[in-house]
Amino acid sequence: MKLNYKRTFLVGMAFLSICAFWQMYDNIIPKILIDTFHMNETLSGAILGADNFLALFMLPFFGALSDRTETKIGKRMPFILFGTGIALIAMNILPILDNSYYAKPSTFKIVSFVIVLGILLIAMGTYRSPAVALMPDVTPKPLRSKANAVINLMGAVGGMLYLVVTAVLYPKAKTAGVAHVNYQILFIVVAAIMFVAVALLYVFIKEPVLVAENRKLEEQHPEWNLAEDDGSGHEALPREVKRSLGFLLASIALWFIGYNAVTSWFTVYIGVVMGEGIGGASTCLLVATAGAIVSYIPIGNLASRIGRKKTIMGGIILLSVMFFIGFILTSMFTSINRIMYVSFALVGLAWAAINVNSLPMVVEMCKGSDIGKFTGYYYTASMAAQIVTPTLAGTLMRLISYKVLFIYGAVFVRLSFVTMTQVRHGDQKAVAKKGLAAYEDMDD
């Protein structure tokens, strides 16, 4: 059994579009809220957390709804196409309102910006869970860590595309001392990236056919399922599996609290602490993304040998150490240097080790018919964390010091190590080989 890499790369186009958008959202929206609308860190943090509040309800709902959807183009594809279409329109209205408010401030424009932002976040929320659920839909359980490595690689490519465009369009020389930056062209380019990615997905991935093939394969391997039928046709998890799921979701929440605080506030943080503009911040994040990209496939292979849990725990340790080092480096230096680039590359590697394996561990505990629902569980945990962390981190930065950001991230990431020690399920067991080469690429 071998992973179909070409098909998995194409499935990952949906995640590429999502990550390109969220990388831009995390980098640009905080700057617009603070620089253009002059909101304080607490209020802007609350608005940044609004997307996660909406996602807390929307992602599980639309994930489960897509499980029950049947169309000629599949379960997930209608949500992906609709959500992307609305998002492309809404996202390009935001910089227009930003520029207009700077030219002539008014309450109406602030309210309009928030309303359009809400529409955009709702549109993105309708298809994130269905898009992510598409990978396990078409991938056998034993190969999902490798497949998720590819999916995360595609997401990282989406983020890197955004960062490269930003670094080229907005270097420090062009933004230093500028009263207002026009982000219109940046939003247009990201919208184009999203459109092309989803178009390729739609043209080349025939969801109903691939899902049927995977279901047939999994029916031949009932030992892959951890769930039990409760007699009414619904899934019932054994108590010990539920316990593992609970601790795994808690771990996901904790490492997202730490990681998302750093990514949400980094562009503002590095400007205040080091005097660097958005170009410098984007370069650091680009290095981290590059570190993740070169790590995804090796991490997927490593997890297939030593297990998903051990790989995640190694990533947790490395990420918490790198965040602490980030605090030291940004306190010592007044400009970005090579040591910081190395540190951010290791941040990318650590996050890859965590991210590649966490979703497969969650969906490992469900039946194929509930992949969307369990993907929703994953996002409930991650989004619940991200509701709290922008506001909490922003408030601590305002009341204590901006330098608290990396310490905050390190503490919460390290706490996730404790909860992960209690996770006992979600590592796919090796299947005995039949013949010389059968299952040669299967996860342990």
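**Before selecting anything**

Residues are numbered from 1 along each chain as its sequence is written, and side-chain values use heavy atoms, with hydrogens and water left out. Because the model is predicted, local features need pLDDT of at least 70 and side-chain atom pairs count only at pLDDT 80 or more, while totals for chains, interfaces and linings use all residues.

Colour the chain by pLDDT (the predictor's confidence in each residue, from 0 to 100). The protein chain averages 84, and 90% of the residues score at least 70. Select residues 228-233, where pLDDT stays under 50. The model has eight contacts (heavy atoms within 4.5 Å) beyond four places in sequence for residues 228-233. Then select residues 429-444: pLDDT stays under 50 here too, with 38 such contacts in the model.

**Stop 1: the largest cavity**

A cavity is a set of points, on a 1 Å grid over the protein atoms alone, where a 1.4 Å probe fits but cannot get out; lining residues have an atom within 4 Å of a point. Points are joined across faces, edges and corners, and a volume is the space filled by probe spheres set on the points. The structure holds five cavities of 30 Å³ or more.

Select Cys19, Gln23, Tyr259, Trp351 and Asn355, which lie nearest the centre of the largest cavity among its 43 lining residues. This cavity has about 880 Å³ of space. Next select helix H2 (13-36), which gives the most to the lining, seven residues. Helices (H or I, at least four residues) are DSSP runs numbered from the N terminus. Sorted by class, the lining has 26 nonpolar, 14 polar and three charged residues. Here Ala, Val, Leu, Ile, Met, Phe, Trp, Tyr, Cys and Pro count as nonpolar, Asp, Glu, Lys and Arg as charged, and the others, Gly among them, as polar.

**Stop 2: a ring pair at that cavity**

Keep Tyr259 and Trp351 selected. Rings of Phe, Tyr and Trp (its six-membered ring) pair if their centres lie within 6.5 Å; planes under 30 degrees apart count as stacked, over 60 as edge-to-face and the rest as tilted. The structure holds 20 aromatic pairs. The ring centres of Tyr259 and Trp351 are 3.8 Å apart with the planes at 5°, so this pair is stacked. Tyr259 is in helix H11 and Trp351 in helix H14, so the pair ties together parts 92 residues apart in sequence. Both residues are buried (under 20% relative accessible area, with a 1.4 Å probe and protein chains only).

**Stop 3**

Select the lining residues, including Trp22, Asp51, Arg128 and Met383. The space inside is about 70 Å³. H3 supplies the largest share of this lining, five residues. The lining has eight nonpolar, one polar and two charged residues.

**Stop 4: the largest pocket**

A pocket is an open set of points with protein on both sides within 12 Å along at least five of seven lines. Select Lys31, Asp35, Thr175, Val181 and Tyr183, which lie nearest the centre of the largest pocket, out of 23 lining residues. About 380 Å³ of space lies in this pocket. H2 gives the largest share of the lining, six residues.

Conventions:
Helices (H or I, at least four residues) and strands (E, at least two) are DSSP runs, numbered from the N terminus. Buried means under 20% relative accessible area, exposed over 50%, partly exposed in between (1.4 Å probe, protein chains only).
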